[in-house]
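Colleague: Let's go through this model together. I'll ask, you answer.

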Amino acid sequence: MAHAGRSSLRTLFDDAPTPHIAHPPHTHHRDFYVATDGSYVDGTGGLGVIIESRSGERVARLAVPDQVPDNNVAEYRALHLGLDVLAARAPRDARVGVLVDHDEVAANVNLAALAAKGPDYRPLRDVSVPSTVGHHWRGIRARVASFTELRAASLPSGRNPAHVLANAPDQYAHVNDEPPKCLLPGLDEPEPQIPPPSRANR
């Protein structure tokens, strides 16, 4: 059940497991949440992306048709797309929560996040990524390392809000025309800090 004042993505992230990384309460305080999904049916597919700020403000939605060789590649391509879009609209010190409905993708992303904090950028164990993913995995790792903190949570496909965008990109093509937003953390606070009159002109 969603909590008042929380975005749907934040609620989903708070309630979902994060493979290979403990999920203590402080991890719930993300600046942005990204839900992605990739689809594949008979040689065609789609990529779905939803990005929200911590207060629930929508940053972006995408529903993009794509030619993919299989569902695994679609999942990685969707995540790569979502992180690229977020990186263009968020500060580098952002804390990011990622939602995917593919356990292995979530596990690999979290291993990459842990490796990015280490001195030699080596994962704690071998990461198994489909060979057909190619440069998309390298791009994902670069994006993971570029943010102050990022971790991925895995949830059932039916609960992933990006699922419908990926599976019916033609029906949801209108979301790609939404005006771009860049919501920096702190700008959506209800009470801005205003200096007193004695200091306003200093």
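Colleague: In which helix is the place of Ser 146?

Modeller: This is a predicted model, where local features need pLDDT of at least 70, side-chain atom pairs count only at pLDDT 80 or more, and totals for chains, interfaces and linings use all residues. Residues are numbered from 1 along each chain as its sequence is written, and side-chain values use heavy atoms, with hydrogens and water left out. Helices are DSSP runs of H or I with at least four residues, strands are E runs of at least two, and both are numbered from the N terminus. Ser 146 falls in residues 135-146, helix H4.

Colleague: Does Ser 146 count as buried or exposed?

Modeller: Buried means under 20% relative accessible area, exposed over 50%, and partly exposed in between, with a 1.4 Å probe and protein chains only. Ser 146 has 15% relative accessibility, so the residue counts as buried.

Colleague: At what angle do H2 and H4 pack?

Modeller: Axes are lines fitted to C-alpha atoms, for helices over the stretch in contact, and angles run from 0 to 180 degrees between N-to-C directions. The H2 and H4 axes are 9 Å apart, and the angle is about 35 degrees.

Colleague: What is the hand of the crossing where H2 passes H4?

Modeller: A crossing is left-handed if the near helix is turned anticlockwise from the far one by less than a right angle, and right-handed if clockwise. For H2 passing H4, the crossing is left-handed.

Colleague: Why are H3 and H4 oblique to each other?

Modeller: Angles under 35 degrees count as roughly parallel, over 145 as roughly antiparallel, 65 to 115 as roughly perpendicular and the rest as oblique. The axes of H3 (residues 103-116) and H4 come within 9 Å and cross at roughly 50 degrees. The pair is therefore oblique.

Colleague: What is the hand of the crossing of H3 and H4?

Modeller: H3 residues including Val 109 and Ala 112 meet H4 residues including Ile 140 and Val 144, with contact meaning heavy atoms within 4.5 Å. The crossing of H3 and H4 is right-handed.

Colleague: How many residues has helix H2?

Modeller: H2 runs over residues 71-89 and reaches 28 Å from its first C-alpha to its last.

Note on methods
The expected span of a helix is 1.5 Å times one less than its number of residues.
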